[in-house]
Structure formats: C-alpha cells, structure tokens
Amino acid sequence: MRNIMLEPEKVSSEREVVPDRAGRLVDPAAVEALFIGDTGGQVQVPWLQAAAEERLEDRMPVRTFPALKGRKTAPGWMWMATSGRMMQYGFGAMRTQAMMLDFDPQVVAVACSPVELLWRGRAGMVVSHTPHLMARFADGSGLLLDCAGRRGAGRRVVRRAVHVETAAAAAGWHYRLAGPPSPVVEANVRWLAGYRHPRCGRGLIPEVLERFREPTPLLDGVRALGDPILVWPAVFHALWRQIVRVPLGRPLHERTVAVTRENGAGR
C-alpha cells in the first residue's frame, strides 16, 4: 500500500506540551498548535486557543509537499471559488478533496495544511501531525481533514486520526479522514469545477434560475435561453454554485433534469 506522505515524527525540547498518559486519548487541553504568524515566523499556542482566536484559513502552509517519483500528480496550485484566490495542494487525493470542499455550499474557506498539532505520546515523545486541509464552515466552526487515496490512508494517519478528532471536537470543530468520492460524483464535480469562476455566469444567472424554476432537461433549458455557446457556461456555473440542482450520483449529460433551488440562493 502506498502511504500518504507525512513528515517524520518530530522531537524537540523547544516544543513544550503537557504529557499525556501513554496509550490513552490525548487531553485536548494539552495539545499545542503550530502555525505561521503574520511576520512569517512560527507561532506556537495551545490548540484550543488557536481554534477559538486564529483565522487559520488565512495562514501559510506549515509543511511542504515534495514532488515524488512515481506519483501521477505533483504538488501544484488551484484557484478556489470560496476564497477567490490560489491555494496549494500536495498530491492528487488532496486536490480532489479541496475541490469537494470548494463545492460544498457550507464551506466558506479552505486552506492547505495551515496548522500542525503537537502532543505528548508514549514515553513522553512529542507527536506531531499536520492535517492536509482545513476548512471553515458558514457557522464559524472549522474542519481538519486528512486525505486518503483509493488504496486507503497510511497507518500513521489512521493511528493519529482519533487523537486529532478528539482535539477538534473539544474546540467545537470537526475532523474527517476522507476517502475519495464515488467516481461518478467526482467526475461530475470535476466537470463543473471548470466553470466555478464567476466570469462563467456572464450575467445570465437570473435568467437561468427563472428558466429552471420547474424541472427541465438541461439541453431544453439552454436552447430556450439563447445561444448555447453563451448559455452553457452560465448553466454549469449555476450547477457549481448549487443554486440549480441535478442528481450528481448519475453521469451528467444534456438530458439530465435540473431544477432551481427552492430559495434560489447560493454563494
């Protein structure tokens, strides 16, 4: 099994965290958070403080992702609709999960590895874990997410996930060790992601919402609105924003029936 790459376990006398009983779940009050501060230097504070007070979604990544021989996807950058700016990703599964978070209407920000969590493990050794992604929900809570490929997650990620989940829950956050979405859903969302930029709306969104007020096959709605070359991008943009809905569990095609969301609202 090809493990998801993680940095080696770090032990440093400069990182002071309260010891936890060996073999038991970590005490969230004993977890420290390490992130990049406003001046570019590392900042370390208690995790519960960082979760409550810091906008971690605005922080730079605390780790790097090397380009590894044999991987199909190298580290890169992608434009995020939630933030309107570029974001780094480290590998293919991470890029997919970032895309899915960007598609989620409850998510208002996504960041690449902005925080490292540290706690005492067995024999007092400092354990560190950097979740691959962090997201902010519209209700103000946060999400820490690790990405697993189709062959599963690395054993270190699985071992540490329960501790990270405990720390996240204590802060009113969520934690997810996410496997890949179904191939059909991923293919549909990846297609729509090509139309996520606001320019694809072309000022036609009000007309699109009105035309699909009743369930209508996509092609019929597009033809009724005008030149398909101009209208299709706006329809796909509305589908990306989920202000017009289709069943994503089936392959998207021109006869797929779409309907405007009841309140017509979306980001």
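Guide: Before we start, helices here are DSSP runs of H or I with at least four residues and strands are DSSP runs of E with at least two, and both are numbered from the N terminus. This is a predicted model, in which local features need pLDDT of at least 70 and side-chain atom pairs count only at pLDDT 80 or more, while totals for chains, interfaces and linings use all residues. Residues are numbered from 1 along each chain as its sequence is written, and side-chain values use heavy atoms, with hydrogens and water left out.

Visitor: Switching to strand 3, which residues are on its covered face?
Guide: In strand 3, residues 76–80, the covered face holds G76, M78 and M80, whereas W77 and W79 make up the uncovered one. In a regular strand the side chains alternate between the two faces of the sheet.

Visitor: Which strand does strand 3 pair with, and in what sense?
Guide: Two strands pair if DSSP finds at least two bridges between them, and strand 3 pairs with strand 4, residues 85–89, in the antiparallel sense over five bridges. Within this pairing, W77 has Q88 of strand 4 as its bridge partner. The two strands form a hairpin with four residues between them, and G84 in the turn has a positive phi of about 70 degrees.

Visitor: Which residue other than glycine has a positive phi near 45 degrees?
Guide: That is S113, with phi near 45 degrees. S113 lies in the loop between strand 5 (107–112) and strand 6 (116–120), and S113 is buried with a relative accessible area of 0%. Most residues other than glycine have a negative phi, and most peptide bonds are trans.

Visitor: And Q242, where is that one?
Guide: Q242 is in the loop between helix 7 (228–241) and strand 12 (244–245). Its phi is also positive, near 65 degrees, and Q242 is buried with a relative accessible area of 11%.

Visitor: New topic, what is the strand order in the open sheet of three strands?
Guide: The order is 11-13-12, and the pairing is antiparallel. Strand 11 (216–217) and strand 12 are the edge strands, each pairing on one side only. Strand 11 and strand 13 pair over two bridges, and P217 stands opposite V257 in strand 13.

Visitor: Is V257 buried, exposed or partly exposed, then?
Guide: V257 is partly exposed, with a relative accessible area of 41%. A contact means heavy atoms within 4.5 Å, and, not counting residues up to four places away in sequence, V257 touches P215, T216, P217, R245, V246 and P247.

Visitor: Last one, what does E186 touch?
Guide: E186, which lies in helix 4 (residues 183–193), touches T96, M99, R150 and P181, not counting residues up to four places away in sequence. E186 counts as buried at 13% relative accessibility.

Conventions
Buried means under 20% relative accessible area, exposed over 50%, partly exposed in between (1.4 Å probe, protein chains only).
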